[in-house]
Each structure stands twice: as C-alpha cells, then as structure tokens.
Amino acid sequence: MEKDTFLTSDLYLAAFITHQTKKPPTLEMRDNRVVFSFTNDRQSIKALNDFNSDEPIGAFSFSNAVKQLRTTMIRRKER
C-alpha cells in the first residue's frame with residue numbers, strides 16, 4: 001500500500017467516505033476481493049474519523065451510497 005492511498009474492504013466505510021468527500025474510490029481486486037482505494041487527503045481522513053466517531057448521516061443518502069458502491073463492486077467482480 002502506498003502512503004498516498006487508504007485501502008478498505010469495508011463497504012459501509014467506503015460508502016460513508018464516498019458520500020462525505022463526493023469522490024468515488026478506485027476499485028482494486030486483491031485475492032478475489034474488491035478493495036476500495038481512496039486518496040489519503042484531509043477530506044478522506046476527516047471522513048474516516050467522522051465514521052469512527054459515529055457522525056450522523058442521512059439514512060436515504062447513506063443507503064444510496066451503499067447501493068451505488070455495491071453495484072460498482074459486483075460489476076467489477078464480474079469482469
């Protein structure tokens with residue numbers, strides 16, 4: 001892993017970061033699993049800290065972010 005990226009396989013964390021930063025992750029395949037890759041910038045770090053602090057987020061918005069990422073993840077796996 002490079003210093004300038006943050007990797008996670010947690011769909012819900014990835015959806016939260018995507019929603020908060022408005023930046024979609026890069027998807028990578030590792031050991032037949034999809035891994036979400038984010039730039040390691042201030043926005044992403046703040047979103048990560050907010051997620052770990054249980055920062056409130058709209059249920060509808062979060063649900064949509066999860067659905068979009070899940071769809072992207074499934075399409076990536078099918079390649």
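Leaving aside its neighbours within four places in sequence, which residues is Phe36 in contact with? In this predicted model, Phe36 is in contact with Phe6, Leu7, Thr8, Ser9, Asp10, Leu11, Ala14, Pro25, Thr26, Leu27, Leu69 and Met73.

## Overall fold

The protein has three helices and three strands, and along the sequence these follow the pattern β-α-β-β-α-α. The radius of gyration is 12 Å, close to the 12 Å that the globule rule gives for 79 residues, so the protein is as compact as a globular protein of that length. Along the principal axes, the C-alpha atoms fill a box of roughly 35 × 30 × 15 Å.

Of the 79 residues, 33% count as buried. The protein exposes about 5,600 Å², and carbon and sulfur atoms supply 49% of that area. Among contacts between residues at least 6 apart in sequence, 70% join residues at least 24 apart.

The three strands form an open sheet with the order 1-3-2 and antiparallel pairing. Strand 1 (5-8) and strand 2 stand at the edges. Each of these two has a single partner strand, so one side of each is left without a neighbour in the sheet. From one strand to the next, the twist averages 35 degrees.

Strand 1 and strand 3 are joined in the antiparallel sense over four bridges. Within this pairing, Thr5 stands opposite Thr39 of strand 3. Helix 3 packs on the sheet, where it touches strand 2 and strand 3. The direction of helix 3 makes about 45 degrees with that of strand 2.

In soluble globular proteins, nonpolar side chains tend to be buried together. The largest nonpolar core here has 16 residues, of which Ala15, Phe36 and Leu69 touch the most other members. Helix 1, strand 3 (33-39) and helix 3 (59-77) are the elements that give two or more residues to this core. The largest share, six residues, comes from helix 1.

Helix 1 (11-21) is mostly covered, with nine of its eleven residues buried. These are Leu11, Leu13, Ala14, Ala15, Phe16, Ile17, Thr18, His19 and Thr21. The buried residues of helix 1 pack against strand 1, strand 3, helix 2 (42-52) and helix 3. Two of them, Leu11 and Ala14, are also among the contacts of Phe36.

Most residues other than glycine have a negative phi, and most peptide bonds are trans. Which phi does Lys22 have, positive or negative? The phi of Lys22 is near 60 degrees, a positive value in a residue other than glycine. Lys22 is found in the loop between helix 1 and strand 2 (26-30). Its relative accessible area is 64%, so Lys22 is exposed, the cut-off for this class being over 50%.

Asp31 is not a glycine either, and has a positive phi of about 50 degrees. The place of Asp31 is in the loop between strand 2 and strand 3. With a relative accessibility of 77%, Asp31 also counts as exposed.

Note on methods. Residues numbered from 1 in each chain as written. Predicted model: local features only at pLDDT ≥ 70, side-chain atom pairs only at ≥ 80, totals over all residues. Heavy atoms only, no water. Buried < 20%, exposed > 50% of the residue type's maximum accessible area, 1.4 Å probe, protein only. Core = buried A, V, L, I, M, F, W, Y, C linked by side-chain atoms within 4.5 Å. Contact = heavy atoms within 4.5 Å. Pairing = 2+ DSSP bridges. Axes fitted to C-alpha atoms, helices over the stretch in contact; angles between N-to-C directions. Rg over C-alpha atoms; globule rule 2.2 N^0.38 Å. Areas by Shrake-Rupley, 256 points an atom, 1.4 Å probe, with all protein chains shown as cover.
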